[in-house]
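Student: I would like a close look at one part of this model, a pair of packed helices and what surrounds them. Please go through it in one connected answer.

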Amino acid sequence: MSPGIFEDGRTLRDELAVLLGEMPLFSGLPPAVLSAIAAVAEWLSLPGGAVLFSAGEPADALYVVLSGSLAVLAAGGRAQGRFLARLAAGDTVGEMGLISGHPRTANVVALRNTELARISVRAFNDVLRREPEAVWRIAQLMVSRLERMDGPPPRAHVRGACTFTVLPQSLEVDFAGFSTGLVKALGQFGRTELVWNARGATHTSQWFNNIESSNDFVVYVAEPTPNRWTKLCERQADALLLLARAESPAGSWAALRWPHDQTLTPQRWELVLVHDSGIETGAAARWLTNLPQIPHHHVQSAPDYARLARMLTGRAVGLVLSGGGARGFAHIGAIKALQEAGIPIDLLGGTSMGAILGAGVAARWNLQELTERFRYYFVESRPLRDYTLPFISLVSGHKVSRLLFEAFGETAIEDLPLAHFCVSANLTSGHTHVHRRGELWRALRASVSVPGVLPPVVLDGEVLVDGGAMNNLPVDVMLELGRGPVIGCDAGADRAFATHGGEIDVPLPWQIMRWLKARRQLPNIFQILWRTGMVNSSAQTAAQRDRTDLLLRPPLAAIDMLNWRAFDQAVQAGYEYTVRRIDELPDDSPLWRSAGPSSR
């Protein structure tokens, strides 16, 4: 295909030269070199489903994706055919083999009709021979890549999708209303177009390419039946939105092969449950039975469309809350400051006290309700006062369990309006346990079970205790979701306690009175056990802080971790500190990008 000419005289080769300059492989090269590389490029059209190259073939060219999308699939072994990556417009593929000379190591296929620029190894080498500076630049890039492979993983967010296909499960679900609401929400972040069967069924692939290139986002509305239009919509999508009416009996999607393994499917699949009113207990679990590996979303009202738009486009804000006992009340102040600044909170995750607070936000408790409930549960109810014989722990745990069930009832984690996870430490396996599904109150009970203070929770024969023992600030778990920027609030960072007493041994009976007079200078058994349950994760927590887009460390050294009556002091400290940190955010912070154009 010959390069076209735009109305202003620019050619596709000019556009390609600009595009090459924005890619890591070619960034920094002089414009003349970029133009020389673009001049030797060949244009290639690849229909949806066609193979670009297969593992084992000689690396004879590199490709630049101009429009459409490619999938990289594993080759050989148990991972045969497994989806590894999606490549969109502006990405390159095949450059490593071209430079190294080694055969292809993966299979690459077109997810949908795709336009590419092909640069053969001969043409590439001809340019490099004429331009020594390009050789030097590419050598630097390769060394940099090797160094990164030996170091820690880079801090990066998964790129959001740009084209979406709404695939209704049946005619029961209001897919017209949903699609309109989604388009309106996406419109806050860029130009968005809605495409129905009547508009697109008779058009060519070039028409679809023009629609997508002239918009930031495109929403295709498929039909429940496996007709030509639906199949075309599936091929055009970066993400398939499997739409279902939450209250209906769970069923399959006739337009999809069933059963299936979504890990072998190139497109992202996301389950969207539209609710007639409130969220029905057990609805998510019912629909997820046949879709256990894919993320899901609840949609009830306008705010849910806005949150879904952020989730789909890589703009969702994840808030991670640490443990820290009474110091964790500072999280309430931080949440208040974030809400006042217009920064959305779309996903919650946490440990111990942070896990419980995160669950409250995920359950959509407003700020007043959050404050009142936590004052009642932790200050007025005094949950750690049901002492028992210390065979397993100092406290029986009955009161904590009762209060958690009173707060959340039979709600499952997957039924929360906002996505939520919490972590506990698995003493049986020695690994962190991430709770994403199942009874919410029980997961929180495990996450808050400080060893020696509260009895552990037994789940499927394994012993779970407070997550702070292994991961007190689970930023890594949030980053694995790849939804957008992450805020971490660390309420356990300050020194826990100190003593001026020179002797801490428990006294003999006749020394007890003298020891009691000095006991205020000494840490008690609750403090020791609480701190011991967190100290092992200190190094990991320090590493997690560096991976956030905004790190909050309210000054809480003056508040004892077990001083529940310092509630207002902790809340105020978290609020004032977070207000200052938000004021310090640069204008280009991804948090403002998530908040929308009117936030700052």
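Tutor: Contact here means heavy atoms within 4.5 Å. The model is predicted. By that cut-off, Ala443 touches Ile413, Cys422 and His435, with residues up to four places away in sequence not counted. Ala443 is found in helix α16, and its relative accessibility of 3% counts as buried. Leu464 lies 21 residues from Ala443 in sequence, and the two C-alpha atoms are 9.4 Å apart in space.

The partner of α16 in this view is helix α13. Helix α13 covers residues 353-362 and helix α16 residues 440-447; their axes come within 8 Å and cross at roughly 155 degrees. Angles over 145 degrees count as roughly antiparallel, and the crossing angle therefore makes α13 roughly antiparallel to α16. The crossing in which α13 passes α16 is right-handed. On the α13 side, the contact is made by Ala355, Ile356 and Ala359; on the α16 side, by Leu440, Leu444 and Ser447. By type, these residues divide into 5 nonpolar and 1 polar, with no charged residue.

Leu444 deserves a separate look. Leaving aside neighbours within four places in sequence, Leu444 is in contact with Ala355, Ile356 and Ala359, and also with Leu404, Phe408, His420 and Cys422. In soluble globular proteins, nonpolar side chains tend to be buried together. Here the largest nonpolar core has 64 residues, and Leu444 is one of the five that touch the most other members, along with Phe329, Ile343, Phe374 and Ile487. Helix α13 gives the most to this core, with 7 residues. There is also a second, separate core of 28 residues, which includes Val195, Val218, Leu232 and Trp253.

Now the loops on either side of α13. Ser352 is in the loop between β16 (347-351) and α13. Arg364 is in the loop between α13 and α14 (367-380). Neither is a glycine, yet Ser352 has a positive phi of about 55 degrees and Arg364 has a positive phi of about 65 degrees. As for burial, Ser352 has a relative accessible area of 3% and is buried, whereas Arg364, at 33% relative accessibility, counts as partly exposed.

To put the pieces together: α13 and α16 are roughly antiparallel, Leu444 of α16 is among the contact residues, and Leu444 is also among the residues that touch the most other members of the largest nonpolar core.

Definitions and conventions. Residues are numbered from 1 along each chain as its sequence is written. This is a predicted model: local features need pLDDT of at least 70, side-chain atom pairs count only at pLDDT 80 or more; totals for chains, interfaces and linings use all residues. Side-chain values use heavy atoms; hydrogens and water are left out. Axes are lines fitted to C-alpha atoms, for helices over the stretch in contact, and angles run from 0 to 180 degrees between N-to-C directions. Helices (H or I, at least four residues) and strands (E, at least two) are DSSP runs, numbered from the N terminus. Angles under 35 degrees count as roughly parallel, over 145 as roughly antiparallel, 65 to 115 as roughly perpendicular and the rest as oblique. A crossing is left-handed if the near helix is turned anticlockwise from the far one by less than a right angle, and right-handed if clockwise. Ala, Val, Leu, Ile, Met, Phe, Trp, Tyr, Cys and Pro count as nonpolar, Asp, Glu, Lys and Arg as charged, and the others, Gly among them, as polar. A nonpolar core is a set of buried Ala, Val, Leu, Ile, Met, Phe, Trp, Tyr and Cys residues joined through side-chain atoms within 4.5 Å. Buried means under 20% relative accessible area, exposed over 50%, partly exposed in between (1.4 Å probe, protein chains only).
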